[in-house]
Amino acid sequence: MERLGSGIEAGRLSSNEYASNFSDLHPRLDKHEALVASDRCYFCYDAPCMTACPTAIDIPMFIRQISTGNPLGSAKTIFDQNILGGMCARVCPTETLCEEVCVRNTAEDRPVEIGKLQRYATDIAMETGRQFFERRAPSGKRIAVVGAGPAGLAAAHRLAVNGHDVTILEAREKSGGLNEYGIATYKAVDDFAQREVDYVTAIGGITIEHGKALGRDFSLSDLTSDYDSVFLGMGLSGVNGLGVDGETLYGVDDAVDFIAALRQSHNKATVPIGRRVVVIGGGMTAIDAAIQAKLLGAEEVTICYRRGKENMNASTWEQDLAASKGVIIRHWLAPKSIIGKDGKVAGIEVEYTAMKDGRLTTTGETGIIAADQIFKAIGQSFQASGLGALQFDKGRIAVDAEGRTSLETVWAGGDCIGRGEDLTVSAVAQGRDAAESINRMLAAGAQPASAVA
Ligand SMILES: Cc1cc2nc3c(=O)[nH]c(=O)nc-3n(C[C@H](O)[C@H](O)[C@H](O)COP(=O)(O)OP(=O)(O)OC[C@H]3O[C@@H](n4cnc5c(N)ncnc54)[C@H](O)[C@@H]3O)c2cc1C
Ligand code: SF4
């Protein structure tokens with residue numbers, strides 16, 4: 001067993017326990033299950049699920065195609081709107097999107113399992129290598145895409161379909177963005193993120209250059225001079241700090257870095273974890289870090305969130321999943337200081353919070369939670385340089401309804417713009433829509449107005 005001191009250790013579990021803990025959260029439906037699940041859809045006219053899906057997939061149609069034994073036709077319906085429909089089927093918080101508004105989602109009934117059905121159809125198409133798109137005649141136009149995350153990949157695919165040549169410039173060693181480095185391990189097993197990148201780029205006309213970072217290796221003005229248009233899909237690479245004493249102690253880590261290291265480890269037994277872990281935050285990252293800490297063998301995992309249950313960004317389903325894995329979620333607690341012993345984390349002092357006159361305040365009442373590892377999961381921030389005169393809105397790139405930035409020929413989408421959704425499916429929708437807007441501009445042979453909303 002690897003010992004790093006202060007209770008943070010690797011190899012806490014047996015190999016069977018690691019394998020079982022990090023297996024597929026929702027294995028694919030078999031054919032019979034898919035037929036039964038698809039038969040529950042009422043095929044509503046004006047289906048509310050379609051409006052709730054950020055990519056507006058024709059959900060009744062794809063479910064009908066499954067129920068008639070046509071999973072490939074179903075996959076085409078999905079990919080027409082969302083080329084990353086395979087990953088979205090795994091990671092979409094369907095309980096707050098399409099399935100929430102399903103007319104069968106009542107006290108007496110339950111929604112149609114849209115996400116699972118989507119996975120059924122897209123898995124079959126991807127496993128058989130079936131492609132549904134052909135590139136249009138070459139346009140002679142070259143587009144640069146910065147970032148190979150969901151937004152960049154969706155934009156690149158739609159641009160390639162329209163006959164343009166796309167170069168994706170990606171800072172990291174692998175493509176996929178947070179699909180590869182962020183999504184919880186048990187949601188995307190068997191290297192699915194890389195298989196999906198291969199599926200998306202199989203259309204042709206897309207070159208990915210890894211290890212190329214905007215602001216370090218090139219600037220935005222380099223791209224606007226060299227390419228006909230640019231799409232920025234850089235996501236959020238900064239992580240917010242707690243701003244309390246003790247933050248630099250050994251054992252205080254960013255949840256996003258922990259999750260990325262876990263995703264990249266081929267052997268989960270090599271990933272060290274504390275015996276008593278505290279996670280600060282209330283979003284999906286906090287929940288994912290806490291669950292995965294527990295799955296790595298931490299004995300006690302506590303999430304501290306400064307507001308109430310109903311204010312958490314993580315959905316009720318995600319919160320329940322955490323509770324089912326033994327994670328304790330404590331509300332109305334803010335970090336006050338991190339307590340150290342011999343340079344390592346020994347605990348965290350927290351202060352109770354309350355709403356007073358519509359504002360969140362601390363009450364002065366404090367307590368201490370013993371911990372040997374603390375994960376910070378209080379949000380990410382936009383961090384980039386080399387962007388020249390680009391305009392920002394509340395710290396992210398300002399865009400209009402079509403994703404046009406303040407600079408002519410430059411579009412942006414995904415987490416790096418300020419729409420506040422920060423979901424894989426929203427990034428896909430924004431990348432796809434920006435690509436259509438770029439295509440219209442190139443087809444018209446003129447620059448659009450660059451009015452920013
Ligand atoms: C831990 C975690 C768990 C999540 N879980 C879910 C979930 O379960 N479901 C869900 O819907 N959403 C989830 N999300 C949110 C979702 O992952 C993001 O909303 C989505 O990935 C955004 O896509 P994007 O393409 O905008 O950015 P990203 O996925 O961040 O991709 C941006 C890409 O740009 C690259 N890049 C950054 N800077 C530069 C630069 N200067 N030059 C070149 N390349 C650069 C990055 O390396 C990266 O590959 C989660 C997020 C986190 C952090
Ligand atoms: S992409 Fe996501 S929100 Fe849209 S239908 Fe599929 S699972 Fe639902």
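Helices (H or I, at least four residues) and strands (E, at least two) are DSSP runs, numbered from the N terminus. With that in hand, let's walk through this chain together.

This is a predicted model, in which local features need pLDDT of at least 70 and side-chain atom pairs count only at pLDDT 80 or more, while totals for chains, interfaces and linings use all residues. Residues are numbered from 1 along each chain as its sequence is written, chains are lettered from A and ligands numbered from 1 in the order in which they are written, and side-chain values use heavy atoms, with hydrogens and water left out.

**Domains**

- The domain assignment gives domain 1 (15-22 + 240-379), domain 2 (39-127) and domain 3 (142-237 + 382-444); such bounds come from an automatic or database domain assignment.
- Between the C-alpha centres of domain 1 and domain 3 there are 31 Å.
- Where these two domains are in contact (heavy atoms within 4.5 Å), 15 residues come from domain 1 and 16 residues from domain 3.

**Nonpolar cores**

- A nonpolar core is a set of buried Ala, Val, Leu, Ile, Met, Phe, Trp, Tyr and Cys residues joined through side-chain atoms within 4.5 Å.
- Here, buried means under 20% relative accessible area, exposed means over 50%, and partly exposed is in between (1.4 Å probe, protein chains only).
- The largest core has 67 residues, and Ile59, Phe62, Phe79 and Leu117 touch the most other members.
- At least three residues of this core come from each of domain 2 (39-127) and domain 3 (142-237 + 382-444).
- A second, separate core has 31 residues, including Val301, Leu321, Val327 and Ala377.
- Not counting residues up to four places away in sequence, Phe79 touches Gly85, Gly86, Thr122, Ala125, Met126, Phe132, Phe133 and Tyr199.

**The second largest pocket**

- On a 1 Å grid over the protein atoms alone, a cavity is a set of points where a 1.4 Å probe fits but cannot get out, and a pocket is an open set with protein on both sides within 12 Å along at least five of seven lines; lining residues have an atom within 4 Å of a point.
- Grid points are joined across faces, edges and corners, and a volume is the space filled by probe spheres set on the points.
- The second largest pocket has a volume of about 480 Å³.
- Its lining has 27 residues, of which His26, Thr94, Glu99, Lys116 and Trp317 are the closest to the centre.
- Helix H6 (85-91), helix H7 (114-127) and helix H14 (316-324) each give two or more residues to this lining.

- Threonine 77 lies in helix H5 and is buried, because its relative accessible area is 13%.
- Leaving aside neighbours within four places in sequence, threonine 77 is in contact with Ile57, Asp58, Met61, Phe62 and Gln65.
- Threonine 68 sits in the loop between helix H4 (59-67) and helix H5 (71-81), and this residue is exposed because its relative accessible area is 55%.
- Serine 315 is in the loop between strand E8 (300-304) and H14, and is buried at 9% relative accessible area.
- Serine 315 touches Glu95 and Thr96, not counting residues up to four places away in sequence.

**Positive phi values**

- Tryptophan 332, in the loop between strand E9 (328-330) and strand E10 (333-341), has a phi near 55°, a positive value in a residue other than glycine.
- Lysine 394, in the loop between strand E15 (392-393) and strand E16 (396-397), has a positive phi near 50°.
- Tryptophan 332 counts as partly exposed at 27% relative accessibility, whereas lysine 394 counts as exposed at 80%.
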